Each structure stands twice: as structure tokens, then as C-alpha cells.
Amino acid sequence: LSRCPEEPVLLAELKPSRPQQYDWKSSCETWSVAFSPDGAWFAWSQGHCIVKLIPWPLEEAELCKTLDRKSHSSKAEARSRAGAKEKTLECGQIVWGLAFSSWPAADAGHPDGTCATGLSCLILATGLNDGQIRVWEVQTGHLLFSLLGHQDVVRDLSFAPNGSLILVSASRDKTLRVWDLSRDGRQVQVLAGHVQWVYCCSISPDCSMLCSAAGEKAALLWSMRSYTLIRRLEGHQSSVVSCDFSPDSALLVTASYDACVIMWDPYTGEQLRTLRHVPLHSVLDHGSDVHTSSLRSVCFSPEGLYLATVADDRLLRIWALELRSPVAFAPMTNGLCCMYFPHGGFIATGTRDGHVQFWTAPRVLSSLKHLCRKALRTFLTTYQVLALPIPRKLKEFLTYRTF
């Protein structure tokens, strides 16, 4: 595997406006950031009940000078050429969760006006302070759905990556709810099993599993086919607050206030390795204020070779899967969330001050071994790999026991 060549560099920072009509109760914390799957838009819950939608790449920023435009999809380029403009969504409530998806062209002409152009369109779901989920068409700013059911803050949202328009929401009411936007936003299932606030939910890329993290020492793994509990993932010593699947669905990572990231095999429930966040006082000038490495967020890189984490010790860390210490880090302020750009090269982080920061991340050329493993694991479970008539060492590599 390639090592991270250099430390993350801060390329750009966005700061929220502070309109006079909003009082302090509206908050200004950025609890969620999101890139659209095609990389054409960036969404930012900047506080004050507002979501900013920003065309990518950013204009009039240092970021544009280093961006490799060839890595973008044709859709992103087309939108850039069309002069897409920044948009503001007035949500009326503090926004906690964000998630993008595409509405397929085949479903165009929905009775309520969804994608009236007859073309596929980009949609954004927003989880609000009052328990509502509002779903918007990005290009027009048209409100498509107001989904009602949660009794408290909708903390996180996750769309099924297969374009089925299945949306999962996680709430402080201690439940997860499954919605089908292709059926007028009908509530399909309520998943109950947590006894504390649910902070995070993540659907595996193959759409077979759902992981949820709450203010408990265990994360829960659910079947996306039967909506039943598969297993409890027990191993953390404090609240689990973030989770993410690898791009091939073969790995799951969970982050906790216990300052550890645990890497799991979601099929067997086995703990593969633990990444411990040791405070790095020597690189920071915060004195005695730095006393904890409580984690806030973890995410996989698009090719699946690296992790990014944000912790309360004011560091952004980048980890290689095969190592137990970070390969790079950068000082940041009051980080709350992080997300990789879908085509690699950048990480966006949200802060408690309402800011968004964009950092460089390594553009990785995956080895042929890793590409083959990723391709196989996309459609083979761990049990299916273990049943193959192949050497033991190859099985260990394919199941991420070795690298």
C-alpha cells in the first residue's frame, strides 16, 4: 500500500453568514457536510436553519488552482459550464443531517412535480431539529417531501447507494426509520433497539447492511433486506458516535468517545484491529486544554485504503488500513464531522464554529492486488471467501486479515 506522501494542507475555508433575524438558539455548528455522488455539489449545514448548496469546484479559492478537473464526471463538468450558482435552502429548523441521492429519469413526472423536466435530478434530504425530514430538488430548490414520524432531532441520514430512493434516518428519539421516496415518501419500517440517542447511520455500498451508532458502547448491525437486527458489535468502552463501510462493503469502522476506532468484519462480527487516538501534545499549543481524544467522525477514502478521523483534541488524522498509527495529521479547530470528496484528493470537515474547511488528501494509485480484492469483495461475503478452494494466505488477504 502507498503511504500518505504529505500532511493535509488547508486549501479553503467557508464561514457562515450571521443574519440578524436569527437568535443564538438557531446555533451555528456544522454537524454535517455532504458531497453529491457525482461530485458536482457540496452541501453544508451552516447553522441558522440554513443549508448552503455550493457547485464544485469552488470558485475564487485556492482550491481551484490545484483541482484536477479531469477526475470529475461529465455531469459535474456540464454543470460547471452551465454556470451553476450557489443556492440557499431555508429549512426553518436547525439542520443536523444531510444526504444526497439521484432521482432516476424513469420516475420523472411524479404527481407532485418531482423532476418535471423528465430528466434524472439530484435530491438532498435534510434532517431537522423538530424531527422532520425535508427532501429538496437541488437544481430548483423545490421542496419534494416533508417526512413526519420522528419525535426528536433527526441526527443523520443515509440513502441506499443503489438509487432505489430508500432513505434511512437516525434520531434522538432512539429509533431509525426507513422511508421509500419512490412510494410518496412512505415509512417502510421503524427500527427500535437502541436505548440512547442515535447519532449515525450508514448503509453498506452493496445495500445489504445498515450500521447504527448511538450513545451506547455497542453499534447495531441490521439487515437491509429484512430490516431485522443481525448483531450487536460490542468492544468499545464508551459511546459509539460514528460509523462507515468500506467501498467494497467488506469492512466497517466505528468511532467512539473512548478515543478508539474499531475495524470490524461486518459479516462475522470479528474485530480486525483497533486504532487508538493518542494525544499529540507536541504538535499543538493548547496546553492543559487538550485532555481528550474523544472521536467525533470517521470516514473511508473512496478507494478504500485510508480512513480520516476528527477528534476533540483538534486534529484531523489520516490512517492507512494496515497501520495502527496515523500516517498524517493536521491541526484544526473544534472539528465535528469529516467526509471525503467522492473522486478523492480532498476532505471536507465541519466545525463547532459553523465553518467548513477543505484539506488535501492523497490521490492514491491502488495496487493491482487491492483492486482485485475490492472487485471480489464487492460481491463475495466473508463466508463465501472462506469457502473458496484457495490458499489460506490468499483468504486472509481477501478478508483483510493481512495486507
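## A salt-bridge network

Asp 265, Glu 270 and Arg 401 are joined in a network of salt bridges. The model is predicted.

Asp 265 is buried, because its relative accessibility is 0%. Arg 401 has 25% and therefore counts as partly exposed.

## Other salt bridges

The count of salt bridges comes to eight. Arg 296 and Asp 312 form one of them, with their closest N and O atoms 3.0 Å apart. Arg 296 is in strand β22 (residues 295-300) and Asp 312 is in the loop between β23 (306-311) and β24 (315-320), so the bridge ties together parts 16 residues apart in sequence. Arg 296 has 19% relative accessibility. The limit for buried is under 20%, so Arg 296 counts as buried. Asp 312, at 27%, is partly exposed.

Glu 234 and Arg 232 also meet through their side chains, at 3.2 Å from N to O. Glu 234 is exposed at 54% relative accessibility. Arg 232 is partly exposed at 42%.

## Helix α3

Helix α3 spans residues 368-377, and its buried residues are His 370, Arg 373 and Arg 377. These residues lie on the same side of α3, because they cover an arc of only 60° around the axis. Their packing partners are α4 (382-386) and α5 (392-398).

Key:
Residues are numbered from 1 along each chain as its sequence is written. This is a predicted model: local features need pLDDT of at least 70, side-chain atom pairs count only at pLDDT 80 or more; totals for chains, interfaces and linings use all residues. Side-chain values use heavy atoms; hydrogens and water are left out. Buried means under 20% relative accessible area, exposed over 50%, partly exposed in between (1.4 Å probe, protein chains only). Helices (H or I, at least four residues) and strands (E, at least two) are DSSP runs, numbered from the N terminus. The arc is that of the directions from the helix axis to the C-beta atoms. Contact means heavy atoms within 4.5 Å. A salt bridge is a side-chain nitrogen of Lys or Arg within 4 Å of a carboxyl oxygen of Asp or Glu.
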